[in-house]
Amino acid sequence: MDTQRFTLAVLTLVPLVVACGSQKADTGSGSVDARRPVTGVDWRVQGITAGGTARKVQGKPYLAFDAKSGKVGGRLGCNAVNATATVRAAQITLGRPSTTRMMCDASLMGTERALLGLFDGRVDYRVDHDTITLTSENGTIVRAVADK
């Protein structure tokens with residue numbers, strides 16, 4: 001009789017344990033994580049801090065990371081830029097940049113010089129929905145939003 005009760009108890013509890021173990025925790029928001037991937041997005045630069053000073057962004061600079069080619073391309077304000085880019089969790093390794101050689105207004109060239117501070121080293125990144133923040137080893141911080 002005790003064996004039968006034990007067996008009945010096990011047969012009753014096993015489906016409950018399996019069902020409970022397969023459910024995902026409810027975060028209470030009812031929404032899906034809407035963070036964007038780093039690659040495959042044109043990131044429009046909105047803010048730059050270099051040397052501890054916030055700089056006004058001039059022109060329409062953007063960066064686009066391509067996972068297939070392992071490169072980053074875009075505009076720095078005046079000139080186009082290309083470099084190797086290895087994207088990992090929370091970190092990107094950027095190669096030495098190659099740029100076009102146009103001369104532009106001094107304000108555009110200032111934006112360009114500040115953005116060049118991201119290249120030729122590691123950059124930490126954080127994506128929060130449609131915004132990415134890049135922080136280079138030398139302290140340059142760039143905030144950009146996904147182009148829609």
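# Exercises: a disulfide, a core and a strand residue

The structure holds one disulfide (a pair of cysteine sulfur atoms within 2.5 Å). This is a predicted model, in which local features need pLDDT of at least 70, side-chain atom pairs count only at pLDDT 80 or more, and totals for chains, interfaces and linings use all residues. Residues are numbered from 1 along each chain as its sequence is written, and side-chain values use heavy atoms, with hydrogens and water left out.

## Exercise 1

Locate the disulfide and state which parts of the chain it ties together.

Step 1. The bonded residues are Cys78 and Cys104, with an S to S distance of 1.8 Å.

Step 2. The angle about the S-S bond is 65°, and the link of Cys78 and Cys104 is right-handed.

Step 3. Cys78 sits in the loop between strand S4 (71–75) and strand S5 (80–88), and Cys104 in the loop between strand S7 (98–99) and helix H2 (106–116), so the pair ties together parts 26 residues apart in sequence. Helices (H or I, at least four residues) and strands (E, at least two) are DSSP runs, numbered from the N terminus.

## Exercise 2

Classify Cys78 and Cys104 by accessibility, then list the contacts of Cys104.

Step 1. Buried means under 20% relative accessible area, exposed over 50%, and partly exposed in between (1.4 Å probe, protein chains only).

Step 2. Cys78 has 3% relative accessibility and therefore counts as buried; Cys104, at 27%, counts as partly exposed.

Step 3. Leaving aside neighbours within four places in sequence, Cys104 is in contact (heavy atoms within 4.5 Å) with Cys78 and Met109.

## Exercise 3

Describe the largest nonpolar core and the surroundings of Phe65.

Step 1. A nonpolar core is a set of buried Ala, Val, Leu, Ile, Met, Phe, Trp, Tyr and Cys residues joined through side-chain atoms within 4.5 Å.

Step 2. The largest one has 28 residues, and Phe65, Leu94, Leu118, Phe119 and Leu134 have the most contacts inside it.

Step 3. Elements that give two or more residues to this core include strand S1 (42–50), strand S3 (62–66), H2 and strand S10 (141–146). S1 gives the most, with four residues.

Step 4. Beyond its neighbours within four places in sequence, Phe65 has contacts that include Val41, Trp43, Val72, Ala85, Ile92 and Leu94.

## Exercise 4

Is Thr133 buried or exposed, and which residues is Thr133 in contact with?

Step 1. Thr133 belongs to strand S9.

Step 2. Its relative accessibility is 17%, so Thr133 counts as buried.

Step 3. Apart from neighbours within four places in sequence, Thr133 is in contact with Asp124, Tyr125, Arg126, Ile141, Val142 and Arg143.
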